[in-house]
Amino acid sequence: MKTRPLQPAQRFTVAVIGGGFTGLSTALHLREAGVDVAIVEAMEPGWGASGRNNGQVIPTLSRPDPEDIIAKHGAVGERFVSLLRDSASTLFDVARRYKIEAEQEQAGWVQPVHSPGRIRIAERRVRQWSKFGAPVELLSRAQVADMTGSDAWFGGFWNKTGGHINPLALARGLARAVLGLGGRIYARSPVASFERVNGRWVVKTAKGEISGRALVVATNAYSGEFSKSLVPEIAREVMPVLSWQMATQPLSDNVRKTIIPGRQAMSDTHGELYFARYDARNRLVTGGAVLGPGNKVERIKAVVTERLQRLWPQIGEVSFDYVWNGYVGMTADFLPRIHRLGPDAYGWTGCNGRAVALTIPLGNELSKAVRGVPESELALPFTEPVPFMAHGLLRKIAPWMLVLYRRRDAQELMKGDRFELLRWAEYFLASRHQR
């Protein structure tokens with residue numbers, strides 16, 4: 001894969017800022033349509049959130065369900081729901097089409113519920129997504145135990161089109177595909193600013209500039225990390241939250257067959273999320289969050305080790321081959337924000353932990369927008385930017401929401417214990433009555 005730093009002035013039909021999944025998908029679909037395009041990337045393709053996430057391919061949003069999306073956005077919301085429904089399959093289809101080797105496994109995605117009360121979430125999601133033709137299924141507690149190899153959960157649901165990939169390998173594969181189709185990628189070229197001059201969008205870096213008739217800004221959670229003035233209104237409407245990822249040493253075949261034996265991607269309903277999937281060498285790829293100062297790598301290892309041994313005692317001693325982190329772009333309502341930035345210019349942010357599947361079809365929609373497809377045919381629910389008040393202060397406070405999430409999780413589990421006790425009491429009384 002040959003990328004290059006940006007040289008003095010270059011002209012293209014479309015300029016894309018950001019070489020993550022969205023920017024790469026946008027450029028790939030533009031090249032498929034024969035449109036001249038160049039990506040300008042601050043570091044290397046996949047360096048940001050696209051290459052640093054857990055690699056779960058999840059065809060939903062994190063909290064809003066179809067009815068929430070349609071209530072907010074109407075007809076375009078329905079088109080966006082359809083895009084989400086097919087998003088995982090779209091990603092796997094693109095990977096197959098371009099022979100991208102990213103350890104992809106379309107084994108499904110399961111969301112177990114961590115308390116009895118949370119089964120209502122699974123029931124609601126199955127009901128709503130079924131209306132739109134998604135291959136979802138409600139799971140009993142026993143079914144989830146069989147699927148995960150743990151009795152820690154109380155049921156859940158799964159979507160058969162989901163799965164997992166190696167995210168950095170996918171980003172690099174997409175970059176090779178863009179270059180193979182004749183697109184340009186200018187790496188190690190942080191964009192300082194862009195402006196509209198004589199009907200063209202001029203994108204400026206310290207070493208050069210490019211211009212395009214159209215512009216796509218695809219910087220997501222890293223929108224304010226290299227230049228505070230690049231897209232300040234977008235940078236301030238997303239809260240970059242650091243997420244830690246880690247991969248265990250490869251599990252033995254005997255142990256692996258008892259932990260998520262079907263190799264689905266798994267992420268549950270805890271506020272402090274429990275999640276895991278396998279890589280091609282049978283490492284369990286998981287992660288978590290950690291607060292405060294000190295050696296965060298060692299602390300997150302200890303936290304996640306205790307969790308894994310609690311969920312799956314059969315795992316035994318746990319050691320980690322790799323630990324890394326990256327930002328997740330969170331919005332106040334957990335919905336992505338898609339914007340018009342001016343004539344033939346578009347941008348978006350707010351993956352809310354669902355970027356992997358979402359960004360591939362989203363890039364296709366953005367490519368259609370810059371090619372002039374009517375807005376009535378696009379699955380792009382445009383909004384105006386709504387920045388967080390006191391963004392800088394909130395960014396410092398946001399990680400401490402973990403304390404609240406842990407407290408809520410504990411309270412729900414206590415309620416669950418009381419629910420279980422009541423259920424067994426009713427069973428005991430009923431048994432005595434039958435005698």
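# Cavities, pocket and buried residues

User: Which residues line the second largest cavity?

Analyst: In this predicted model, the second largest cavity is lined by Met266, Tyr274, Phe275, Ala276, Thr286, Arg307, Leu308, Leu311 and Trp312. Strand E14 (275-278) and helix H9 (296-311) are the elements that give two or more residues to this lining. H9 provides the largest share, three residues.

User: What is the make-up of that lining by class, and how much space does the second largest cavity hold?

Analyst: The lining of the second largest cavity has seven nonpolar, one polar and one charged residues. The space in the second largest cavity is about 30 Å³. Counting cavities of 30 Å³ or more gives two in the model.

User: Why is Thr286 called buried?

Analyst: A residue counts as buried under 20% relative accessible area. Thr286 has a relative accessible area of 2%, and is therefore buried. Thr286 belongs to strand E15 (residues 284-288).

User: How do you know that the side chain of Thr286 makes a polar contact with Phe275?

Analyst: The cut-off for the pair of N or O atoms is 3.5 Å. A polar atom of the Thr286 side chain lies 2.6 Å from the backbone oxygen of Phe275, so the pair falls within that cut-off. Phe275 is also among the residues that Thr286 touches beyond four places in sequence, together with Asn54, Trp244, Gln245, Met246, Ala276, Val304 and Leu308.

User: What makes up the lining of the largest cavity?

Analyst: The lining consists of 29 residues, and those nearest the cavity centre are Gly18, Glu41, Ala218, Thr219 and Tyr222. By class, the lining residues divide into 15 nonpolar, 12 polar and two charged. At least two residues each come from helix H1 (21-32), helix H2 (49-52) and helix H10 (355-370). H1 gives the largest share, three residues. The largest cavity holds about 370 Å³ of space.

User: Which elements and residues surround the second largest pocket?

Analyst: The second largest pocket has a lining of 21 residues, with Gly51, Asn166, Pro167, Leu168 and Trp324 nearest its centre. H2, helix H6 (167-180) and strand E16 (320-330) each supply at least two residues of this lining, and the largest share, three residues, comes from H6. Nine nonpolar, four polar and eight charged residues make up the lining of the second largest pocket. About 370 Å³ of space lies in this pocket.

User: What is the confidence of the chain as a whole, and where is the pLDDT below 50?

Analyst: The mean pLDDT of the chain is 93, with 94% of its residues at 70 or more. Residues 417-435 have a pLDDT below 50, and this stretch has three contacts in the model beyond near neighbours in sequence.

How values were computed:
Residues are numbered from 1 along each chain as its sequence is written. This is a predicted model: local features need pLDDT of at least 70, side-chain atom pairs count only at pLDDT 80 or more; totals for chains, interfaces and linings use all residues. Side-chain values use heavy atoms; hydrogens and water are left out. pLDDT is the predictor's confidence in each residue, from 0 to 100. Contact means heavy atoms within 4.5 Å. On a 1 Å grid over the protein atoms alone, a cavity is a set of points where a 1.4 Å probe fits but cannot get out, and a pocket is an open set with protein on both sides within 12 Å along at least five of seven lines; lining residues have an atom within 4 Å of a point. Grid points are joined across faces, edges and corners, and a volume is the space filled by probe spheres set on the points. Helices (H or I, at least four residues) and strands (E, at least two) are DSSP runs, numbered from the N terminus. Ala, Val, Leu, Ile, Met, Phe, Trp, Tyr, Cys and Pro count as nonpolar, Asp, Glu, Lys and Arg as charged, and the others, Gly among them, as polar. Buried means under 20% relative accessible area, exposed over 50%, partly exposed in between (1.4 Å probe, protein chains only). A polar contact is a pair of N or O atoms within 3.5 Å; within protein, one must be able to donate a hydrogen and the other to accept it, and residues adjacent in sequence count only if both atoms are side-chain atoms.
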